[in-house]
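Morning, everyone. Let me put it on the screen.

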Amino acid sequence: MSRLCLILFGAPGSGKGTQAKLLRQSLGIAHISTGDMLRERVASGDPLGLEVESLMKAGSLVPDETVNRLVEERIEQPDSVSGFILDGFPRTVHQAKLLGELLAAKGIRPLVVHLKVDYNVIIARLSGRRLCPTCGALYSVTPNVRAASEVCDYDGTKLVVREDDREDVVRARLLAYEKQTAPVLACLKEAGYPAWDLEGAGESPHAIARKIETLIRDYRAGGEEARA
Ligand code: ADP
């Protein structure tokens, strides 16, 4: 069976990161989040981090060359050998082109899952999201169900609002998604990659993850080679 590459596609707040974390465990493959990689570089204060910090704070995209390089290096790491989930990449047509070349050279055909979520739901989700600044865990805080004490379950750190989850920045991120990222889905479909649109709200994250697992299992059982 070929190396699995799953592209999780969707707007900010559509649940890509949550799904990637669940699927990483059940599928036993690496989770590659460009947003997490970039945030780590910002936190470490290295030159690349300093270069991208203001763009990220404003909700704008980081230059293609920067993310392309990060992904290219990351998929060569040992934990990506049996496969990997791309969360937040490709986000522009140029990134999709590079990915296509990288994967073709390795004989990998990616599978694409598009998580569809209404923008009003997204805005509500992101404004109720809290981050543990120590370990990066994310929590959801709704007006009715407040996180017990708003501290991290793992390390007790006080939770904060992620800087780019402020409403004005969320709107900038959604705009960047509409203009630069949404057209990428058509490119991926045109490239002939198998792609599924899935409702990303109204069910528990576990239920959505099970649907994705079933799609992948059925596709692979149907003989991906025969369709290649
Ligand atoms: P979300 O998908 O919820 O916006 P991410 O954690 O994926 O959150 O991304 C946060 C920020 O990191 C983005 O707003 C952007 O500035 C930057 N970023 C992440 N992935 C990419 C990418 N593939 N290309 C350009 N910028 C990116």
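How many residues surround the ligand, and which are the closest? There are 19, and the closest are Thr34, Arg39, Ser60, Gly88 and Arg173.

Some ground rules. This is a predicted model: local features need pLDDT of at least 70, side-chain atom pairs count only at pLDDT 80 or more, and totals for chains, interfaces and linings use all residues. Residues are numbered from 1 along each chain as its sequence is written, and side-chain values use heavy atoms, with hydrogens and water left out.

Back to the ligand. By class, its shell has seven nonpolar, six polar and six charged residues. For the classes, Ala, Val, Leu, Ile, Met, Phe, Trp, Tyr, Cys and Pro are nonpolar, Asp, Glu, Lys and Arg are charged, and the others, Gly among them, are polar. Helix H2, residues 34-44, gives the most to the shell, with four residues. Helices here are DSSP runs of H or I, at least four residues, and strands are runs of E, at least two, numbered from the N terminus.

Now the atom pairs. In the side chain of Arg91, an N or O atom is 2.9 Å from a ligand oxygen. Val62 uses its backbone: an N or O atom there lies 3.0 Å from a ligand nitrogen. Lys16 has a polar side-chain atom 3.3 Å from a ligand oxygen. The protein covers 96% of the 540 Å² of accessible area that the ligand has on its own. Those areas are Shrake-Rupley, with a 1.4 Å probe; for residues, only the protein chains shown count as cover.

The fold, quickly. The chain has nine helices and seven strands. Its C-alpha trace spans about 55 × 40 × 35 Å along the principal axes. Of the 228 residues, 48% are buried. Buried means under 20% relative accessible area, with the 1.4 Å probe and protein chains only.

Last stop, Arg162. Where is Arg162 found? In the loop between strand S6 (138-140) and helix H7 (167-190). Buried or exposed? Arg162 is buried, because its relative accessible area is 11%. Its side chain makes a 2.7 Å polar contact with that of Asp164. Leaving out residues up to four places away in sequence, Arg162 touches Arg39, Arg129, Leu131 and Arg173. Touching here means heavy atoms within 4.5 Å. A polar contact is a pair of N or O atoms within 3.5 Å; within protein, one must be able to donate a hydrogen and the other to accept it, and residues adjacent in sequence count only if both atoms are side-chain atoms.

Technical notes: A residue is near a molecule or strand if one of its heavy atoms lies within 4 Å of it. Buried means under 20% relative accessible area, exposed over 50%, partly exposed in between (1.4 Å probe, protein chains only).
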